[in-house]
Amino acid sequence: MKRAPVVAAILCTLAIAGGPAGPVRAADQHYLVSGRDSFVIGDGDIQSEVNYRGSEVLTVTRRGTTTRYVAKVSYVRDDQGAASPATAAYVVDFSASGDQIASADHDPDYLTVLNQPFAAQLDAKTLTELRTLRAAAPFDFPSPFTNTTFHGRLERIGVGRIGPRQAVGVRFEAGGPMKGSLPDRPELKLVGGIVMSGSAYYDLETARLLSLDATVTISATVSNRSSKDPVTIVYRRTLRADLERPNTEASSR
């Protein structure tokens, strides 16, 4: 993937600064998580909606030259009034240079902070570049549903406050073609387009993600049905740092 300037590249991956040699656990970050998936086919003849609400904790541990990010979510999945408890987890290991060396995805509903279009944490250099970003930058992002790439732009919103924390924000929009089936609806073959949009805010002190709103909208037709029915699918995810709950103090292990 090519992105310009450099800040656009880093925002889509975890930017890891070099850490100490011994095992060290940084302060945990807590989040409140919500989401909504809606599906409409034809003139509303077939429609469904799933809502999500829960809490999440992000843990960062450095051991030698490896940094491990672990996100765990406990949530309620409400499928058209049928609510059930669920959990999700996502694990990513990075080398000191920031290269991903391992991962584990147990997040089928895309609710963890590590399974979103922006990094959970930035390094100091990238945070500074984001603060000084003046013009809109090209933004490419691999589609979470197809083997295609979204193309669009991102721009700095400015510095503001998320609760008591000072944060810098970025707004983004990108899109691309949609052809094929979705993981949650493999029986439907879709042809159309995808647009992803939203905003993210980073803490100016810790460089961690404090707030994220991301919406993916798919507008397509069903190619494997004789009526070629139009389909509209909307996935929305919202994460907010739980600033009412103190983060776990950093500790050595």
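Two residues are in contact when their heavy atoms lie within 4.5 Å. With that in hand, here's a quick tour of this predicted model. We'll look at Arg237 and Ile233, which both sit in strand 12, and then at the largest nonpolar core, a set of 62 residues.

**Arg237**
- You'll find Arg237 in strand 12, which covers residues 230–241.
- Arg237 has 6% relative accessibility, so this residue counts as buried, the cut-off being under 20%.
- Its side chain makes a polar contact with the side chain of Asp37, at 2.8 Å.
- The Arg237 side chain also reaches the backbone oxygen of Tyr110, at 3.3 Å.
- Setting aside neighbours within four places in sequence, Arg237 is in contact with a list of residues including Ser34, Gly35, Arg36, Tyr52, Gln116 and Leu212.

**Ile233**
- Ile233 is in strand 12 too, and counts as buried because its relative accessibility is 2%.
- Ile233 and Val40 are 193 residues apart in sequence, yet their C-alpha atoms are 6.5 Å apart in space.
- Beyond its neighbours within four places in sequence, Ile233 is in contact with Ser38, Phe39, Leu182, Leu190, Val216, Thr217 and Ile218.

**The largest nonpolar core**
- Among its 62 residues, Leu58, Val113, Leu114, Leu190, Tyr202 and Ile218 touch the most other members.
- Strand 11 (residues 209–222) gives this core its largest share, 8 residues.

Conventions. Residues are numbered from 1 along each chain as its sequence is written. This is a predicted model: local features need pLDDT of at least 70, side-chain atom pairs count only at pLDDT 80 or more; totals for chains, interfaces and linings use all residues. Side-chain values use heavy atoms; hydrogens and water are left out. Helices (H or I, at least four residues) and strands (E, at least two) are DSSP runs, numbered from the N terminus. Buried means under 20% relative accessible area, exposed over 50%, partly exposed in between (1.4 Å probe, protein chains only). A polar contact is a pair of N or O atoms within 3.5 Å; within protein, one must be able to donate a hydrogen and the other to accept it, and residues adjacent in sequence count only if both atoms are side-chain atoms. A nonpolar core is a set of buried Ala, Val, Leu, Ile, Met, Phe, Trp, Tyr and Cys residues joined through side-chain atoms within 4.5 Å.
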